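Subject: Structure handover

Hello,

Please find the structure below. My notes on it follow.

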Amino acid sequence: MRPLALIAIVSAVCAACAADPVAPEAVPARSSFDPGLIAKGAQLAAIGNCQVCHTAEGGRSFAGGRPIETPYGAFYAPNITPDPETGIGRWSEGAFARALREGVDREGRNLYPAFPYEYYTRLADEDVHALYAYIATREPVRAPNRPHELRAPFNSRSLIGPWKALYFERGAFQPDPARNAQWNRGAYLVNGLGHCGACHTPRNALGGEKKDERFGGGVAEGWHGPALDARSPAPLPWTAEQLYKYLRTGLDYVHAIAAGPMEPVVRNLARAPEEDVRAMAAYLEALAGPPSAERRKKADAALSQAKGASRANGRGAEIYAGTCAACHDRGREAGSGGALPLALGTAMTIPTSSNLLRITLEGIAPPEGEPGRSMPGFADALTDGQVKDLAAYIRSEFGRAAAWTDVDEELKKIREERR
Amino acid sequence: MISLDVNGKTQELDADPATPLLYALRDHLQLNGAKFGCGLGQCGACTVLVDGRAVFSCVTPISTLAGRRITTLEGLGTPEKPGRVQRAFIAEQAAQCGYCIPGMIMQAQALLERTPHPTSAEIRKHMSGNLCRCGTHMRILRAVERAAREP
């Protein structure tokens, strides 16, 4: 049955899927919370990346207003400071827990799944408790919520109930007794608070995750979130140690420099407890599993290509030689003055040109004052024709894959966003 | 031979197509305003304008510039008759060693051509790719603000 028809039927059956309101109740005073609990909540909020979506560019922390671009339109994350009028200053811990686990706000309205309650539903009681302590003790900021700007029919909250019936699986995290404690901790964080799959799992046209393609590569704000399991497009298989280093610093010399929506994620994970990030890395390594013999062979080929000089003929190769090679083609690892050898990168091997084009045009720019790798953008230096030639060359030379068919469309989209 | 439009004049030069624009300007055309800093597009000392937009000339091969309009520091004015942004930098004495300043001026020029009255935040954001190791930033910011103010 077509999903829209199904939604129509479910809508009819379940007219009132949202819940009762929770009575307004002022958040407790700071003095009522144990400082250790608040500190724990801060670390958990870092893993949850809460501040990133709930803070506008240049705005006050957690006061909301940041647009989150999706295929359905722009969501504006709400104010979650404890301001009683415009924030969640009248939310009891029960109301807060229900929002995280069930996707229902204090008033009883369904929340859009742009808020990843599909993942937060797995949160343990003590972690919800710590998160509440942290959020309830932030500085209240008076900032009215900006309404979402969504295309019809997604602008109607009445669709969320049926959506939940189809795609939302409520329930606490179930540990796997066959695995060790570190794996289970990693599984809990990756599939719960960390909500990694939100960007790394593909979704259907209604925004439901394709459960049978879990971690098979998804979409985030115009970027491709590469597959994290055995389908990983990384030329070299990731080890837990490399994943740990990347998640902590955004930099792994033989895989990637964090860019796009991943950049704030690693900035936050730098503030999370070391053992938690190690657990996430261990879980992700296990998720991908030991590399096959074929994968190893490809990795060896990529490594030797990264050490050698690149071919140089054709227009794209010429641009690469004059524009990229000074940093990317030095035959050494991505240390000071050298960048990631493209033969080892993932932007070249994924099914879409979006990440490579975004990095080429926009560069990699950590926010002012924050540490991180920086690459200049070439949006003004290269014409569209030159960007296309360069992308075609990089795809075939370093991605070692068939030409992308989406370059024109993606380039047009990115240029329009920049206007 | 490669033909480049530099400061309104067509220049023919005999150079490898992969030659960085910076080398072409300095070694072939004796336009020494743009400076070599890092050679990696990380410091901004080599900034020039291409079609009115700021680009790092050290990582821009001349093969990409056919038919495009290049403006260098020399194209903005002369010592006798400095341009508006140059005058503002002089008035604010926005230089210590001065090595980064040609790039700073070109970056500011690009900003003001598109945004004649930028906010302080816009100036900071726009100029953030250009580094000054002497710490003259506050004067540089004042100079850009002055240039935006003055005719």
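Into which domains is chain B divided? Domain 1 of chain B covers 2-75, and domain 2 covers 84-149.

Before the details, please bear in mind that this is a predicted model. Its scores are ipTM 0.93 and pTM 0.92. Chain B has an average pLDDT of 96, and 100% of its residues score at least 70.

Inside chain B

The C-alpha centres of domain 1 and domain 2 of chain B are 20 Å apart. Domain 1 brings 18 residues to the contact and domain 2 brings 14. Between them, these two domains of chain B bury about 1300 Å², with 60% of that area coming from carbon and sulfur atoms. What links the two domains in polar terms? Five residue pairs are in polar contact across this interface, both residues of each pair being at pLDDT 80 or more, while the count of salt bridges between the domains is zero.

On the side of domain 1 that touches domain 2, β3 (47-50) and β4 (53-56) of chain B each supply at least two residues. By residue type, that side of domain 1 is made up of eight nonpolar, eight polar and two charged residues.

Between chain B and chain A

How many residues does each chain give to the contact? Chain B gives 19 residues and chain A gives 19. The area buried between the two chains is about 1500 Å², of which carbon and sulfur atoms account for 55%. On the chain B side, the residues that lose the most area to chain A are L40(B), V59(B) and R68(B), which together make up 34% of what that side buries.

The interface of chain B and chain A holds two salt bridges. One of them joins E57(A) to K125(B), with the closest N and O atoms 3.6 Å apart.

Which elements of chain B supply at least two residues each to the side that touches chain A? They are β4 and α4 (120-127). The most comes from β4(B), with four residues. Sorted by type, the side of chain B that touches chain A has eight nonpolar, seven polar and four charged residues.

In chain B, then, β4 supplies residues to the side of domain 1 that touches domain 2 and also to the side of the chain that touches chain A.

Regards

Technical notes:
Residues numbered from 1 in each chain as written. Chains lettered and ligands numbered in written order. Predicted model: local features only at pLDDT ≥ 70, side-chain atom pairs only at ≥ 80, totals over all residues. Heavy atoms only, no water. Domains from an automatic or database assignment. Contact = heavy atoms within 4.5 Å. Buried area = accessible area lost by both parts, 1.4 Å probe. Salt bridge = Lys/Arg side-chain N within 4 Å of Asp/Glu carboxyl O. Polar contact = N/O pair within 3.5 Å; in protein donor to acceptor, adjacent residues only side chain to side chain. Nonpolar A, V, L, I, M, F, W, Y, C, P; charged D, E, K, R; others polar. pLDDT = per-residue confidence, 0-100.
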